[in-house]
Amino acid sequence: MRTILRIFHQKYLSHQAGKKETLSLLNKMDKISVRKKSRRNEVGQKTEASLVFFQVICPGLPGYPGSLFLSTNNKRYLFNCSEGTQRLCVEHCVSRSLASLEHIFLTQKSWRCMGGLGGMCLAIKDSGSPDVTLHGPEGSTKIYEMTKGFICLQNFNILPQEITSSNLEPYTDSTLTVEYLHLSKNNPTHNTQSVPAPEYWNTVYKGFDANGKLISKFVPEEIEYDENVYGANSNIVYILTIKGRKGKLCLDKCLDKGVPPGPLLGKLKQGEDIVLENGETVFAADVRDQNLPDKKFIVIDLPSLDYMDSLLCAPIWDSIRKEGKLQGMFHFTSSEILLSKEYQTWMNSFNGNIEHHMINDLNSKGYGTLGVATFAEKLSILDPNIFQPLHSDIYFDEQERHKSSNKNWIFHRTADRIVVRGFPPEHVTTLSPILPSLVKEELESLQDFKEVFSRTRDKVCVETNSSTYPSFVFLGTGSSVPSKYRAPSAILVELRPKEYMIMDCGEGTIIQLYRYFGIQGMKEFLRGLKGIYISHLHADHHLGLIGIIKERQRLNIGEAQPLYIAAPTKLSSFFNQYHVGFEGILENLIQVQNEHALILHADAVREPDEAIIQFKEALGLKVYDTCRAVHCVNSYCVSFVTTEGFHFIYTGDTRPNSGLIDLSKNIHLDLLIHEATMEHIMLEDAIKKRHSTFTEAINGGIALNAKATVLTHFSQRYPKFPFFDELVDHPNVGYAFDFMRVDRHTFNHTHHLMDALKTIFKEDYELMAARKEIFEYKMKSLESTTEEKNDSGEGEESETKLKDLYSKLDHPSRKIKRLKLD
């Protein structure tokens with residue numbers, strides 16, 4: 001709703017009264033959010049939770065580090081926040097979970113534990129919450145400070161709770177107490193000193209002179225090294241105590257004892273014994289259910305065996321063993337360390353009946369989610385030329401649960417729940433293998449599907465004996481915050497067989513790659529990955545970079561071959577700080593600066609740039625040129641021409657841009673990949689946010705005489721596919737889906753799928769149409785002043801009309817969630 005208010009505010013900026021009213025309403029909404037959270041905190045401190053359960057968000061697979069959610073009636077807590085956590089929380093957690101998420105606990109300072117923190121904070125803010133408390137090792141908040149410049153987080157605060165050996169005061173509320181165990185390295189096996197960043201990451205771009213000569217200056221960044229802050233020199237183990245709960249008051253037993261309705265029942269409920277009028281004493285213990293005892297759990301993520309001495313010597317374990325309240329452990333610790341003799345000895349020192357929950361790489365499969373897998377299967381039935389079912393590694397193998405000889409070892413998949421108290425509401429939390437036959441039966445049961453399907457397949461039939469290169473796989477087609485069906489921007493380009501480049505790399509790109517290639521295929525892909533191009537430094541376009549770099553390191557691929565990163569020079573500041581302050585990531589990475597590939601005026605002669613020459617040679621490119629995008633500072637559009645002569649342009653985020661004409665260089669353009677965030681009726685919002693509408697992107701392709709145009713970067717207003725009205729008359733224009741693979745023969749295939757998509761996802765399309773109608777009506781209504789409406793007597797009529805339009809959103813099928821107006 002806030003988005004709509006901002007649009008209306010912008011449209012009627014000249015009406016000062018309306019401006020003041022709108023700003024006042026926005027401020028009131030922020031104040032209401034703060035007051036709601038304050039009241040919720042007060043209630044949470046007093047109320048005992050009747051429902052408590054853990055939920056595995058990310059199971060800890062390779063490239064898919066673990067994260068764990070703890071839910072109660074009043075509050076939510078998150079342990080580690082890896083890439084993709086926010087997206088999975090939205091799909092699988094209880095409704096409004098993020099609005100109640102107040103505490104995030106980090107086990108160590110590494111990307112695998114906090115790579116999703118930026119996206120999570122944005123989602124928490126959008127849910128209406130004004131802040132979140134971050135618990136973790138010293139320096140944990142530094143990464144938030146480094147990344148918040150990429151994310152719009154106005155009026156949102158991170159409240160730091162840094163844990164050191166001298167600051168171990170537990171967190172506690174009415175339901176939970178969290179004690180901290182601070183572990184330090186003993187006898188480290190390797191030097192922890194920071195490796196200086198290579199010189200090419202410290203070059204600051206200055207520009208070109210009038211003749212096109214490159215002017216740059218070497219400026220070493222003064223980044224202070226602090227051994228207490230760098231890397232994983234400290235590690236936190238969390239000991240959780242789920243507080244017991246008084247037994248419920250049994251009214252039947254009270255009646256049997258002759259207790260009258262009134263304040264005496266309240267005293268019994270509080271645990272007080274009472275005396276009746278007849279002098280009989282009623283003991284609270286006799287009319288209450290048995291009290292629920294405290295339960296303890298441990299969350300542990302040991303980075304290396306260098307911490308083992310510190311773990312074993314901790315005095316807290318003796319008291320935990322004596323109490324006998326320990327119910328389970330959640331092991332984020334990698335399998336290499338967990339299976340070591342020392343770690344096993346520590347595990348076995350506790351009661352043999354406790355459960356050991358694996359949130360690590362011992363969970364060898366389970367990258368998928370039910371919604372994404374089913375959606376991909378339906379699309380593959382429509383057109384197998386551009387859609388394939390996701391890799392079988394997305395499915396969790398039930399045999400995994402029983403692969404250990406230890407019956408108390410439990411292996412998990414995404415969305416598994418571990419109930420501590422009460423029974424959670426019914427919710428689909430498991431992912432069983434999708435049976436194509438059942439999905440097809442479901443589609444064939446739809447009215448008119450067979451006719452539409454036959455007509456569609458005739459149009460998309462392609463006769464080809466071999467793959468054509470380059471090919472393009474759209475790994476992420478959403479904008480800003482990821483949603484159930486759309487990840488942030490990422491496009492995989494297979495330039496030649498088994499040789500790859502990625503264009504933009506939003507958060508969770510590594511997960512999308514694992515879903516597409518599978519575990520074995522991922523190793524082969526990373527060996528063939530030559531370069532990554534970043535259009536600009538908004539979070540949804542580059543925060544997936546470190547995840548890919550770390551996975552290359554884990555598989556020892558980075559040592560064998562360099563990886564070229566073509567990006568705005570400003571990225572060097574972020575990478576240098578992370579490299580020195582957290583983990584080494586710059587080894588064997590070669591920076592290519594987008595500024596040095598800018599198109600110059602006709603008479604200018606560009607000074608050769610060695611990094612660009614190497615980049616083009618490694619990727620098999622004849623041309624790599626950039627121009628400024630009409631978006632944020634340091635944003636670029638790019639043109640590539642392969643050695644085989646295939647020419648494609650990728651705009652990144654931009655308004656319509658005359659610089660694209662210069663990029664085309666009068667070379668026949670085979671493919672234009674253009675961002676198309678929203679419909680043209682939202683033009684003013686597009687102008688404000690510096691994005692393009694569907695119509696503007698289509699016109700951009702026409703102006704460049706592009707053979708084909710593919711639209712991407714859709715607003716999350718379009719969860720599965722865009723509204724088709726502006727696309728239907730342009731047969732050479734396609735629109736992207738996550739995991740769609742296209743080449744020169746199939747760029748426009750999605751244009752032929754419109755009727756089939758309307759049939760399969762009829763409810764979704766009707767809801768989008770209803771939302772569009774409401775938006776148009778509101779915009780038209782505001783074009784008339786309040787006085788005109790009052791004079792004409794149209795106020796009541798307009799209100800009735802609006803109610804009728806809103807009623808269209810209430811579809812009888814409860815399987816379809818109501819789409820938000822904002």
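Among contacts (heavy atoms within 4.5 Å) between residues at least 6 apart in sequence, 73% join residues at least 24 apart. The model is predicted: local features need pLDDT of at least 70 and side-chain atom pairs count only at pLDDT 80 or more, while totals for chains, interfaces and linings use all residues. Residues are numbered from 1 along each chain as its sequence is written, and side-chain values use heavy atoms, with hydrogens and water left out.

**Whole chain**

- The chain has 27 helices and 31 strands; these are DSSP runs numbered from the N terminus, with helices being H or I of at least four residues and strands being E of at least two.
- Of the 822 residues in the chain, 57% are buried. Buried means under 20% relative accessible area, exposed means over 50%, and partly exposed lies in between, with a 1.4 Å probe and protein chains only.

- Strand β2 (residues 67-72) pairs with β3 in the antiparallel sense over 4 bridges; two strands pair if DSSP finds at least two bridges between them.
- With 3 residues between them, β2 and β3 form a hairpin.
- Strand β3 (residues 76-79) points Arg76 and Leu78 one way and Tyr77 and Phe79 the other way, and all are buried.
- Phe79 in β3 is the bridge partner of Leu68.
- Strand β4 (residues 101-105) runs parallel to β3, and 4 bridges join the two.
- On the β4 side, the bridge partner of Phe79 is Phe105.

**Salt bridges**

- Side chains of opposite charge can pair when their charged atoms come close.
- The structure holds 21 salt bridges, each defined as a side-chain nitrogen of Lys or Arg within 4 Å of a carboxyl oxygen of Asp or Glu.
- Lys75 forms a salt bridge with Asp173, and the closest N and O atoms are 3.9 Å apart. This pair links distant parts of the chain, 98 residues apart: Lys75 is in the loop between β2 and β3, and Asp173 is in the loop between β7 (171-172) and β8 (176-184).
- Lys75 counts as buried because its relative accessibility is 4%. Asp173 is also buried, with a relative accessible area of 5%.
- A network of salt bridges links Lys75, Glu102 and Asp173.
- Arg321 forms a salt bridge with Asp318, with 3.2 Å between the closest N and O atoms. Arg321 and Asp318 are 3 residues apart in helix α10 (residues 316-323), so about one helical turn separates them.
- Arg321 counts as partly exposed at 34% relative accessibility, and Asp318 is partly exposed with a relative accessible area of 47%.
- Lys550 forms a salt bridge with Glu583, the closest N and O atoms lying 3.4 Å apart. This pair links distant parts of the chain, 33 residues apart: Lys550 is in helix α18 (residues 545-554), and Glu583 is in the loop between α19 (571-581) and β24 (589-593).
- Lys550 counts as partly exposed at 23% relative accessibility, whereas Glu583 counts as buried at 15%.

**Helix α15**

- Helix α15 (residues 449-460) has 12 residues and reaches 16 Å from its first C-alpha to its last, close to the 16 Å expected at 1.5 Å a residue. The expected span is 1.5 Å times one less than the number of residues in the helix.
- The buried residues of α15 are Phe449, Val452, Phe453, Thr456 and Val460. Seen down the axis of α15, these residues fall within an arc of 100 degrees, so they line one face of the helix; the arc is that of the directions from the helix axis to the C-beta atoms.
- Lys450, Glu451 and Asp458 are exposed on the other side of α15.
- The buried residues of α15 pack against α13 (370-382), α14 (436-444) and α24 (754-760).

**Thr509**

- Thr509 is placed in helix α16 (residues 509-528).
- Thr509 is buried, with a relative accessible area of 2%.
- Leaving aside its neighbours within four places in sequence, Thr509 contacts Glu83, Leu475, Ser489, Ala490 and Ile548.
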